[in-house]
Amino acid sequence: MSHSTSKGLILGITVGTAGITLLLFCYYKVRKPRIAMNLPKLLSLGSTSDSVTLQDKIYNDQGTAVVFQGRQLQILEKLSEVLTNMEELKEEIGFLKEAVSRLEECVQGELGGKVTVHRVSPQHRARRRRLATVQSSATSNSSEDAESEGGYITANTDTEEQSFPVPKAFNTHVEELNLETLLQKADHLRVNESGKMESFELLCDHKEKFKDEVEFIWRLARAYGDMYELSANTQEKKHYANIGKTLGERAITVAPTNGYCHLWFAVLCGYVSEFEGLQNKINYGHRFKEHLDKAIQFLPEEPFLYYLKGRYCYTVSKLTWIEKKMAATLFGKIPSSSVGEALHNFLKTEELCPGYSKSNYMYLAKCYLDLRQNHDTLKFCNLALSLSSVTKEDKEAQKELERMITSLKR
């Protein structure tokens with residue numbers, strides 16, 4: 001290769017290298033400003049995010065009360081879910097008990113032929129249960145769940161009225177009575193526990209004949225309420241309460257201006273609420289108050305209504321914060337009452353019927369105790385103790401009175 005050729009080749013390589021270097025320099029010159037331009041945008045976005053976060057913090061600081069209330073509602077919703085799950089679990093347990101009872105019936109049928117339905121008088125029910133408890137606790141549970149209203153033994157624990165046959169423990173022969181005579185007899189029988197049972201059976205004997213008569217319907221609802229009070233078995237109590245409430249609802253539909261229909265519907269709503277969760281308890285409490293007020297409107301001289309309203313006011317005055325919040329969530333306002341309002345209603349009961357009941361005296365004493373008026377507390381305790389204990393409610397009041405008197409002596 002000649003010297004001139006080598007020189008040209010070296011010059012070409014040098015120019016090519018310089019060209020490539022120039023292109024690379026131009027490329028970075030163009031790209032770097034773009035990167036530099038994009039960086040402020042990124043920083044700007046970060047600043048925007050920080051400003052939004054700052055605004056949120058400021059807003060949150062200003063709206064602390066709103067956020068706190070929102071958390072309270074979330075807590076209430078969670079509690080409601082827990083209560084609902086517990087109620088569902090209780091229902092499933094009830095279904096299992098029913099299945100066990102039916103299985104027992106099937107086994108008895110296989111071993112001994114057709115199972116007969118035994119009639120048991122209400123007076124012998126407690127003794128029968130005690131014997132069953134001694135024999136086996138499991139057998140006791142299944143037999144108690146299998147007992148239906150008035151003492152029949154059956155595997156059916158449904159709350160439908162027709163599922164519970166009515167016994168004739170008192171009367172083997174049904175005496176046909178006209179409506180007026182029947183109602184008078186049913187009213188007069190309700191002087192003690194056995195009389196209430198007999199009154200209940202008497203009304204059940206005539207329910208097909210007078211099922212459309214409103215004066216009969218509310219008395220039958222009242223009789224189911226009596227049986228709720230007299231029963232010691234949870235399933236029976238629930239059964240009586242549900243049927244009684246249904247009858248009471250029918251009664252107020254037929255006669256919306258009859259105070260006794262509203263009275264006993266309110267009472268039976270209270271009984272049904274005993275088997276419900278917190279949310280339904282509050283719902284039934286609202287219905288209780290609504291129909292109690294209507295009953296007072298139509299029966300302003302009925303002392304029993306003021307006694308019930310006094311108990312309602314006293315219970316509401318003792319509601320916990322969470323119960324009041326739940327009620328406010330359901331009905332838009334917090335139920336409010338005071339011991340003073342309860343006292344007013346119990347005094348009204350005493351005014352309309354002096355010596356109305358041991359329980360009314362007991363609640364008067366409780367109100368005065370809460371108001372720290374010990375002299376009046378002791379006065380009504382003594383008045384209550386002067387009355388004999390006739391009903392279950394009286395016996396419970398007696399225990400509470402003894403407790404109060406003991407606390408006053410300390």
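Helix α12 passes helix α15 in a left-handed crossing, a term used when the near helix is turned anticlockwise from the far one by less than a right angle. The axes of α12 (residues 303-317) and α15 come within 11 Å and cross at roughly 35°, the axes being lines fitted to C-alpha atoms over the stretch in contact, with angles running from 0 to 180 degrees between N-to-C directions. Across this pair, Tyr-307, Arg-311 and Tyr-314 of α12 meet residues of α15 that include Tyr-363 and Cys-367, where contact means heavy atoms within 4.5 Å. The model is predicted, and its local features need pLDDT of at least 70, side-chain atom pairs counting only at pLDDT 80 or more, while totals for chains, interfaces and linings use all residues. Residues are numbered from 1 along each chain as its sequence is written, and side-chain values use heavy atoms, with hydrogens and water left out.

Helix α15 (residues 358-370) also pairs with α14 (residues 339-352), their axes coming within 9 Å and crossing at roughly 150°. The two helices are therefore roughly antiparallel, a label for angles over 145 degrees, and α14 passes α15 in a left-handed crossing.

Elsewhere, the largest nonpolar core has 73 residues, with Tyr-224, Leu-263 and Leu-308 having the most contacts inside it; such a core is a set of buried Ala, Val, Leu, Ile, Met, Phe, Trp, Tyr and Cys residues joined through side-chain atoms within 4.5 Å. Helix α8 gives the most to this core, with 11 residues, and 15 of the 17 residues in α8 are buried, that is, under 20% relative accessible area with a 1.4 Å probe and protein chains only.

Terms used: Buried < 20%, exposed > 50% of the residue type's maximum accessible area, 1.4 Å probe, protein only. Helix = DSSP H or I, 4+ residues; strand = E, 2+ residues; numbered from the N terminus. Parallel < 35°, antiparallel > 145°, perpendicular 65-115°, else oblique.
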